[in-house]
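I opened this notebook to record what I looked up in the structure. The entries follow the order in which I worked.

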Amino acid sequence: MAEEKESTSIPLSQAAEAVDPEDPAKSPPRPSSPTTSTRKACCAVLQSWVSRKFMTGCVVLFPVAVTFFITWWFIQFVDGFFSPLYAKIGIDIFGLGFLTSMVFIFLVGIFVSSWVGSTIFWVGEWFIKKMPFVRHIYSASKQVSTAISPDQNTTAFKEVAIIRHPRIGEYAFGFITSTVVLQ
């Protein structure tokens, strides 16, 4: 008799889901046809594949687009220095100002490498270091340009340092540009 009660008793969690063949709301859902489930599975696979390929395209094209945009902006920016001079004499060739700027920078490099040029540069630097606000900007930019200069035989920006922040668990990244010996 105890076995009969166990077989006929229904747990409360299943009692709410009891099947009533006459009530369509309580009847279990009819299994869909094989073609419908296959179509849904194919659509899900296709959607997943298209989504992955689209994201792969975005990941590949993003750095290309950013590089192109920054290069284009830089060329237009540098081209803008000498282009007005060429426009006044009636020459309008895109990139001619950029080319002139690159030649000008090269010639300044040659001039400053000489004794006369380095002396004139030193005097100009001395004046800049006497200006209250400008000296801070100049010294910071000079440190960066000295660190990445091809004339330096240092390991500038070759090593990365992780510096602990005052807050617990926070760190900052930095580049080792030189060494200092404290006495």
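**Entry 1: Glu125 and its partner**

I looked up Glu125 first: this residue is buried, as its relative accessible area is 11%. I use buried for under 20% relative accessible area, exposed for over 50% and partly exposed for values in between, with a 1.4 Å probe and protein chains only. I then found that the side chain of Glu125 forms a salt bridge with that of Lys142, at 2.4 Å from N to O. This pair joins distant parts of the chain, with Glu125 in helix α5 (residues 115-130) and Lys142 in helix α6 (residues 134-147), 17 residues apart. Lys142 is partly exposed, because its relative accessible area is 29%. I count a salt bridge when a side-chain nitrogen of Lys or Arg is within 4 Å of a carboxyl oxygen of Asp or Glu.

**Entry 2: Basis of the model**

I note that this is a predicted model, in which local features need pLDDT of at least 70 and side-chain atom pairs count only at pLDDT 80 or more, while totals for chains, interfaces and linings use all residues. Residues are numbered from 1 along each chain as its sequence is written, and side-chain values use heavy atoms, with hydrogens and water left out. The pLDDT, the predictor's confidence in each residue from 0 to 100, averages 78 for the protein, and 75% of the residues score at least 70. A contact means heavy atoms within 4.5 Å.

**Entry 3: Overall architecture**

I listed 6 helices and 2 strands, in the order α-α-α-α-α-α-β-β from the N terminus. Helices (H or I, at least four residues) and strands (E, at least two) are DSSP runs, numbered from the N terminus. Of the 183 residues, 7% are buried. Of the contacts with a separation of 6 or more, 5% are between residues 24 or more positions apart.

**Entry 4: Annotated spans and nonpolar patch**

I consulted UniProt, where an unreviewed entry places the feature "transmembrane region" at residues 54-75 and 95-123; such annotations may be inferred rather than shown by experiment. In the model, residues 54-75 are 100% helix and 0% strand, with end C-alpha atoms 31 Å apart. Residues 95-123 are 93% helix and 0% strand, and their end C-alpha atoms lie 34 Å apart.

I also looked up a nonpolar surface patch of about 1200 Å², whose members include Phe62, Trp73, Phe81, Met102 and Val108. The elements giving two or more residues to this patch are α3 (34-88) and α4 (96-113), and α3 has the largest share, 8 residues. Met102 lies in α4 and counts as partly exposed because its relative accessibility is 32%.

Which residue forms a salt bridge with Glu170? I found Arg167, the closest N and O atoms being 3.5 Å apart. Glu170 is partly exposed, at 32% relative accessibility, whereas Arg167 is exposed, at 55%. The structure holds 2 salt bridges.

Beyond its neighbours within four places in sequence, Glu159 contacts Gly174, Phe175 and Ile176. Glu159 and Ile176 are 17 residues apart in sequence, with C-alpha atoms 5.5 Å apart. At 42% relative accessibility, Glu159 counts as partly exposed.

Terms used
Patches are made of residues with over 30% relative accessible area and no salt bridge: like charges are joined within 9 Å, nonpolar side chains (Val, Leu, Ile, Met, Phe, Trp, Tyr) within 5 Å. Accessible areas come from the Shrake-Rupley method with a 1.4 Å probe; for residues, only the protein chains shown count as cover.
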